[in-house]
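Morning, everyone. I have one structure to go through, and I will keep it short.

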Amino acid sequence: MSVLEESLMNMVRTSRLWQEGGTVIVACSGGADSLTLTDIMAKAAEEDDVTVLVAHVHHHLRGEEADEDARFVSAFCKDRDLSYTQFDIDPQALKEKRASPWKMQPGVCAMRHLKPTVKKVGAQGIFVAHHEDDQAETILMNLVRGTGTRGLRGMLPVNGYIARPFLAATRKDMETYCKEEGLSYRTDSTNGNPALL
């Protein structure tokens, strides 16, 4: 086991939502960060007697590219004998309901769809792959919007039923892990596009 793999695995295992004999959900888009988290959790789960359910949220916003993301994550799970579930979000239906722009953001939509599954499967929570780079972006965005001291702390490692074990790791760590483990991953063409944030 590499130093990086051991470090990432310890981050997962020290989360209070990671409990021996329990069930957890991991949100996986197919990107380097979420694929790393899924792979690390799958390995730790075997040793810790934890059931991992992989959830992919398909927002139907990027056509064939998004369809391929879903197929990729499904195939990844099948190869590793991991439980897989997919949630499809209809962006047109959200517009017709006149949901606020904030509620229509992909991350917010995803959590709203995944939350009922926590109760349904008796899971301790949902693990997401937000990392140090995301944390910096969140704090900066909060500053731009005009935040109090609460916004300056950024995202918490555990907030209710949501766990973010990788907040002390970087995007580069995830890409390095994938390279070390020979894992291919998907790249969202809309990442970094200000018009889509």
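I will take the aromatic rings, then a helix, then the cysteines. Keep in mind that this is a predicted model.

Start with the rings. A pair of aromatic rings is described by the distance of the centres and the angle of the planes. Searching the whole structure gives 1 aromatic pair. That pair is Trp18 with Phe127: the ring centres are 6.0 Å apart and the planes stand at 80°, so the geometry is edge-to-face. Where do Trp18 and Phe127 lie? Trp18 is in the loop between helix H1 and strand E1, while Phe127 belongs to strand E4, so the contact ties together parts that are 109 residues apart in sequence. As for accessibility, Trp18 is buried at 8% relative accessible area, and Phe127 is buried at 0%.

Next, helix H2, residues 32-48. With 17 residues at 1.5 Å a residue, H2 should span 24 Å, and the C-alpha atoms at its ends are 24 Å apart, which agrees. Of those 17 residues, 13 are buried, so H2 is largely enclosed by the rest of the structure. Just after H2 comes Asp49, which has a positive phi of about 55°.

Last, the cysteines. How many disulfides are there? The count is 0, where a disulfide needs two cysteine sulfur atoms within 2.5 Å. For Cys77, the nearest cysteine sulfur is that of Cys28, 6.4 Å away. Cys77 is buried, at 1% relative accessibility. For Cys178, the nearest cysteine sulfur is again that of Cys28, at 9.7 Å. Cys178 is buried too, with a relative accessible area of 1%.

That is what I have; questions are welcome.

Note on methods: Residues numbered from 1 in each chain as written. Predicted model: local features only at pLDDT ≥ 70, side-chain atom pairs only at ≥ 80, totals over all residues. Heavy atoms only, no water. Phe/Tyr/Trp six-rings, centres within 6.5 Å; stacked < 30°, edge-to-face > 60°. Helix = DSSP H or I, 4+ residues; strand = E, 2+ residues; numbered from the N terminus. Buried < 20%, exposed > 50% of the residue type's maximum accessible area, 1.4 Å probe, protein only. Expected span 1.5 Å × (residues − 1).
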